[in-house]
Amino acid sequence: MDAADMGRDLERVLITEDELRTKIKEIAGKIDADYAGRDLLIVGVLKGAVMVMADLARALRVPVEMDWMAVSSYGAGTKTSGVVRVLKDLDTDIAGRDVLVVEDIIDSGLTLSWLVRNLRSRNPASVEICAAVRKPDAIKVPIDVKYVGFDIPNEFVIGYGLDYAERYRNLPFIGTLAPHVYGGDGKTTEKR
């Protein structure tokens, strides 16, 4: 799927496939340097982090173990309920491990903040965050993100793992979804 396949549902491309590829390689280089000689576990947050997790894992030169979590604070709506549920927990014991949480996007940061607290309660050696994109204007809680690909405006974005109603994750770029598709004003607060 590409931009032409979307027709008028795509408002504009914010980050191209080439820009994403270049940034992921740059971030991987920093992670390689920071975790050289350490036992790194990368944890992808489903479903959105699948694309960035796969690309990042392939770009890393340090050996890594991978695991996945799925959390939700939504239910059927598009606004966070404030109650986080673990839908799929880790299969790996993280006690004493260096953990890098890999996210597609940081909007409000509420769910991710809860997730980091949950992981830190399991006595890892460290917990850091890597996100493909972040919306600084949407963040509601302070959250320390060690590796960020791009800061973007507070608009509804799709592609590269980001979806609307489970569609558009397979776009190789990140773009803004035209408001007529979802009946919105273009602004979001963690609608994933």
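Modeller: Two strands pair if DSSP finds at least two bridges between them. Helices (H or I, at least four residues) and strands (E, at least two) are DSSP runs, numbered from the N terminus. What you have is a predicted model, where local features need pLDDT of at least 70 and side-chain atom pairs count only at pLDDT 80 or more, while totals for chains, interfaces and linings use all residues. Residues are numbered from 1 along each chain as its sequence is written, and side-chain values use heavy atoms, with hydrogens and water left out.

Colleague: Fine. How do you know that strand 2 and strand 5 are joined, and do they run parallel or antiparallel?

Modeller: There are five bridges between strand 2 and strand 5, and the two run parallel. Pairing asks for at least two bridges, so strand 2 and strand 5 count as paired. One of the places to look is Gly44, whose bridge partner in strand 5 is Val102.

Colleague: And what makes strand 5 and strand 6 a pair?

Modeller: Bridges again: eight of them, in the parallel sense. That meets the rule, so strand 5 and strand 6 pair. Val102 turns up here too, with Cys130 as its bridge partner in strand 6.

Colleague: Why is strand 5 called mostly covered?

Modeller: Nine of its nine residues are buried. Buried means under 20% relative accessible area (exposed is over 50%, partly exposed lies in between, with a 1.4 Å probe and protein chains only).

Colleague: Then why is Ser126 called buried?

Modeller: Ser126 lies in strand 6. Its relative accessible area is 16%, which is under 20%, so Ser126 is buried. Contact means heavy atoms within 4.5 Å, and on that basis Ser126 touches Arg38, Arg97, Asp98 and Val99, leaving out residues up to four places away in sequence.

Colleague: What makes Leu56 buried?

Modeller: A relative accessible area of 0%, so Leu56 is under the limit too. Leu56 is found in helix 3. With residues up to four places away in sequence left out, its contacts are Ile24, Ile27, Ala28, Ile31, Val102 and Cys130. Leu56 and Cys130 are 74 residues apart in sequence, yet their C-alpha atoms are 9.8 Å apart in space.

Colleague: What puts Leu56 among the residues that touch the most other members of the largest nonpolar core?

Modeller: A nonpolar core is a set of buried Ala, Val, Leu, Ile, Met, Phe, Trp, Tyr and Cys residues joined through side-chain atoms within 4.5 Å. The largest one has 29 residues, and Ile31, Ile42, Leu56, Leu100, Val133 and Ile174 are those touching the most other members. At least two core residues each come from helix 2 (17-34), strand 2 (40-46), helix 3 (50-59), strand 5 (98-106), strand 6 (126-134) and strand 7 (147-151). Helix 2 has the largest share, five residues. A further core of 20 residues lies apart from this one, and includes Leu41, Ile94, Leu112 and Leu115.

Colleague: How many cavities of 30 Å³ or more does the search find, and what makes something a cavity rather than a pocket?

Modeller: One, in the whole structure. On a 1 Å grid over the protein atoms alone, a cavity is a set of points where a 1.4 Å probe fits but cannot get out; a pocket is an open set with protein on both sides within 12 Å along at least five of seven lines, and lining residues have an atom within 4 Å of a point. The largest cavity holds about 30 Å³ and is lined by Leu20, Lys23, Ile24, Ala132, Gly149 and Phe150.

Colleague: How does the lining of the second largest pocket divide by class?

Modeller: It has five nonpolar, no polar and four charged residues. The lining is Glu17, Leu20, Arg21, Ile24, Lys25, Asp55, Ala59, Tyr160 and Pro172. Ala, Val, Leu, Ile, Met, Phe, Trp, Tyr, Cys and Pro count as nonpolar, Asp, Glu, Lys and Arg as charged, and the others, Gly among them, as polar. Helix 2 gives the most to this lining, five residues, and the space is about 170 Å³.

Note on methods: Grid points are joined across faces, edges and corners, and a volume is the space filled by probe spheres set on the points.
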